[in-house]
Amino acid sequence: MRAVRVRIAGAERVLPAVLTVLAVGEGLVRSGDPQSSLAVMLLLALATTGPLSFVLGSGRGSRVGAAIAVSAACVLALVPFQALTAGAAVAQLICVYVLARTGWPLLGGLLVVPYVVVALFSHEDATRIVAVLLATLASAAAATGIAHHVRSTVLAHSATEQAFADTLLEHAARGERARIARELHDVVAHHISMIAVQAETGRLTTRGLPPEGADRFLAIGDTARTALTEMRRLLGVLREDADTGVQRAPQPGLGQLLDLIDESRDAAGAATRLIVSGPVAALDPGVEVTAYRIVQEALTNARRHAPGAAVDVELRYGEAELELRVRDNGPGPAPGSPGHGLLGMRERAATVSGTLRTGPAPGGGFLVEARLPVRAEVPA
């Protein structure tokens, strides 16, 4: 963008000067009687090319006035004096293009009209030929300017829409992270509370505990309680925009997955199966909450985008990770950018250092596949 501005600024100064020099030189060559026509030729050369610097400038009002002045001077040089120079003709074409390019297509087209009139009613063959040539070239210049203006407008609108869409996705991601943090608060708070309780119990029930050990247990309990207080304060910040009437409930896990499957089957009126393989084991509460929410969102998306489609929910327990797959036999992914539901599932998987992949399923339908570690890890 900076390079473009530099080139335009240079054109404002150099191009009008070059055309003026060419027009003056051509006027001197074509002037047969220096005593009678030299002054007129020089004035016409200056009038037809000098205002071009204002046309190439940034002011809209000055640009329009200067373009009209150039056009009037060119018509005056063509009809009464038959002294229109090549530099003046180029200046006229530039004026028409710039007006059409900068959002004045009607005015740029009107500047062509005088040449059409001259071509129709002039009795001089040379004048008529020049007028027809200028009218044709000016029409082409106006069409080119309009095309460039439309293209730049479309690109600007596309860039604005893309920026707006990116902003919406970013806000959605932040909101989803806040919701995830609120849900995981209960899980983490439970563990911190247990640390405080066990430290206090160890201090009071351990026989023969030296004073140093009692102080350590007391410090552990105090640290845990302080951490719990700070965590609740942080949660209060995240809940500032939440509905105060919302009832809190224990966070769900994989133990409630059958109830979720039954609810989905009743709501969708379609077959929904749960398939479990591998040695079933209790996972970290954060991982279980994440897995449950991913299945919940995937079932909701299936009901919304593939109503009536059968859905399979598959859990594969491994030594290091839980593989979760939700597949339907619907029409497959819809065109366009991914919705907020898929974004939320991806954010949830990332909170426990897991991965999530979505897309068309082999053989048709839509597939949500997540791989979650057995024990939640803090993302690097």
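Predicted model: local features only at pLDDT ≥ 70, side-chain atom pairs only at ≥ 80, totals over all residues.
# Reading cores, cysteines and a sheet

The structure holds zero disulfides.

Visitor: Is Cys74 buried or exposed, and is Cys95 buried or exposed?

Guide: Cys74 counts as buried, because its relative accessibility is 0%, and Cys95 is buried with a relative accessible area of 0%.

Visitor: How should I read the largest nonpolar core, and which residues have the most contacts inside it?

Guide: In soluble globular proteins, nonpolar side chains tend to be buried together. In this model the largest nonpolar core has 35 residues, and Leu52, Val55 and Leu84 are those with the most contacts inside it. At least two core residues come from each of α2 (34-49), α3 (52-55), α4 (60-78), α5 (86-101), α7 (113-121) and α8 (125-205), and the largest share, eight residues, is supplied by α5. Once neighbours within four places in sequence are left aside, Leu52 is in contact with Leu15, Pro16, Leu19, Val70, Ala91, Ile94 and Cys95.

Visitor: Which residues does the second, separate core include?

Guide: That second core has 30 residues, and Leu283, Val287, Val352 and Leu372 are among them.

Visitor: In what order do the five strands of the open sheet stand?

Guide: Strands of a sheet pair through backbone hydrogen bonds, either parallel or antiparallel. In this case five strands form an open sheet in the order β1-β2-β3-β5-β4, with mixed pairing. Because β1 (272-277) and β4 (355-360) each have a single partner strand, they stand at the edges, and one side of each is left without a neighbour in the sheet. From one strand to the next, the twist averages 10°.

Visitor: Which strands do helices α10 and α11 lie across?

Guide: Helix α10 (residues 257-268) lies across β1 and β2 (311-317), and runs at about 155° to β1. Helix α11 (residues 285-305) lies across β1, β2, β3 (321-328), β4 and β5, running at about 10° to β3.

How values were computed: Residues numbered from 1 in each chain as written. Heavy atoms only, no water. Core = buried A, V, L, I, M, F, W, Y, C linked by side-chain atoms within 4.5 Å. Buried < 20%, exposed > 50% of the residue type's maximum accessible area, 1.4 Å probe, protein only. Helix = DSSP H or I, 4+ residues; strand = E, 2+ residues; numbered from the N terminus. Contact = heavy atoms within 4.5 Å. Disulfide = S-S within 2.5 Å. Pairing = 2+ DSSP bridges. Axes fitted to C-alpha atoms, helices over the stretch in contact; angles between N-to-C directions.
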